[in-house]
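I opened this entry to log what I looked up, item by item.

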Amino acid sequence: MQKEDIQLQQVIVHIMDSSAGIPVLSDQLLDWGSDFGDFLRAHIFRLLESDDARDCVFEENSVAGELIRGLTPDNFVEVTGKIGEHLYGIMNRNIEIPPADLVIARCRLNQRDYLALLKMNYKTSYTHMTDSDPWGNTNSIIQQKAILPGENQKLSEAALIRLEDCAIRLVEKKYEVNGVKTNYFSQMFLECRGPMSARSRLSVVTRAVDDVQKKYYNESEQFEVQMETKSIISQALEEGHMEIPVLMDKIFREQEEMKEEVVRKLDKYHLSDACMEPVNPATSRKYGKQNLVTDTGIEIRIPMDQYQNNDRVDFITNPDGTISVLIKNVGSITSR
């Protein structure tokens, strides 16, 4: 799917500026036009493609869920205003939550209707201003404190809700609520629950493997083990899915004690039997190369496909314990 496939139907913006004391709710739909329409599609598409997004469902007594279930094209302005009031009430009680414009869009993709909730937190920037009087123009630079995120910037909090079954896909950031960092967007505003994001699950898996390998291997052995592990994960991601039991077998082979220790760690997160399918190419690219730094300050970046090719890179342990890196069959070298 491409972002151009997202068909916008109704759009409205409500101002959630907590310094104002009350939300500024719109009573008219927004004429989004071609440029602003592309802006909205880009943010909705980024949410669909994000491996930081979680797939959630509403809790039984969710206020937002009840409002969204009753949403129709005819009551769109009224219901979205109530959604805005609900969010503003939470923001007003918790000053650490940043002010924003709440853009709500009803849209259609893949023959299904969705509701996008895009909380566009304000950013501070500078622009020029011209004052004119009978003696001429005076140009000055002023600070703007309500600049919206750009088309290529990630939103900290956003949700895309499939209207036929209220399935939710969301991204969020923790802010301080009563002295505790809290995912207020899911827990207090939408009142929904769901598993960790694909990126978080992958991070838990790699961290568990890394912790156990550091426990069993000495420092001089760890870099080769980590290279091999990253190579195995990279190959799994290239295939488009990663079955954790299969991955553990490939990483640890006959090292049952180490594998069992990692599995125990993953069981705490219900990940030992999971299958992950990251959708964003950026996630795979992270595992497509390995950066090495020697104690003498030399830095080497090795693509995994070159590491997997035995004719390209060799690591040789010398009799005195030092390590030599042999890069073979190089056609040319470019200085950068």
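**Salt bridges**

I found arginine 106 in a salt bridge with aspartate 113, the closest N and O atoms being 4.0 Å apart. The term means a side-chain nitrogen of Lys or Arg within 4 Å of a carboxyl oxygen of Asp or Glu. The model is predicted, so I noted the limits: local features need pLDDT of at least 70, side-chain atom pairs count only at pLDDT 80 or more, and totals for chains, interfaces and linings use all residues. Residues are numbered from 1 along each chain as its sequence is written, and side-chain values use heavy atoms, with hydrogens and water left out.

I then looked up accessibility. Buried means under 20% relative accessible area, exposed over 50%, and partly exposed in between (1.4 Å probe, protein chains only). Arginine 106 has 12% relative accessibility, so I log arginine 106 as buried. Aspartate 113 has 24% and is partly exposed.

How many salt bridges does the structure hold? I count 18. One of them pairs aspartate 165 with arginine 162, with the closest N and O atoms 2.7 Å apart. Aspartate 165 is partly exposed, at 42% relative accessible area.

Lysine 328 pairs with aspartate 314; here the closest N and O atoms are 3.0 Å apart. Helices (H or I, at least four residues) and strands (E, at least two) are DSSP runs, numbered from the N terminus. Lysine 328 is partly exposed at 22%, and aspartate 314 is partly exposed at 28%. I also noted a network: Asp52, Lys154 and Arg199 are joined by salt bridges that share partners.

**Cysteines**

Next I checked for disulfides, meaning pairs of cysteine sulfur atoms within 2.5 Å. The count is 0. Cysteine 166 is buried at 7% relative accessibility. Cysteine 192 is buried at 7%.

**Aromatic rings**

I searched the whole structure and got 4 aromatic pairs. The rings of phenylalanine 36 and phenylalanine 39 have centres 5.5 Å apart and planes at 20°, so I log the pair as stacked. The rule covers rings of Phe, Tyr and Trp (its six-membered ring) with centres within 6.5 Å; planes under 30 degrees apart count as stacked, over 60 as edge-to-face and the rest as tilted. Both residues are in helix H1 (residues 33-49), 3 residues apart, so about one helical turn separates them. Phenylalanine 36 is partly exposed at 26%, whereas phenylalanine 39 is buried at 12%. Tyr175, Tyr184, Phe185 and Phe189 form one aromatic cluster.

**Helix H6**

Last, I looked at H6 (residues 219-238), which has 20 residues. From first C-alpha to last, H6 reaches 29 Å, close to the 28 Å expected at 1.5 Å a residue. The expected span is 1.5 Å times one less than the number of residues. Buried residues in H6 include Phe223, Met227, Ile232, Ile233 and Leu237. Glycine 240 follows H6, with a positive phi near 95°.
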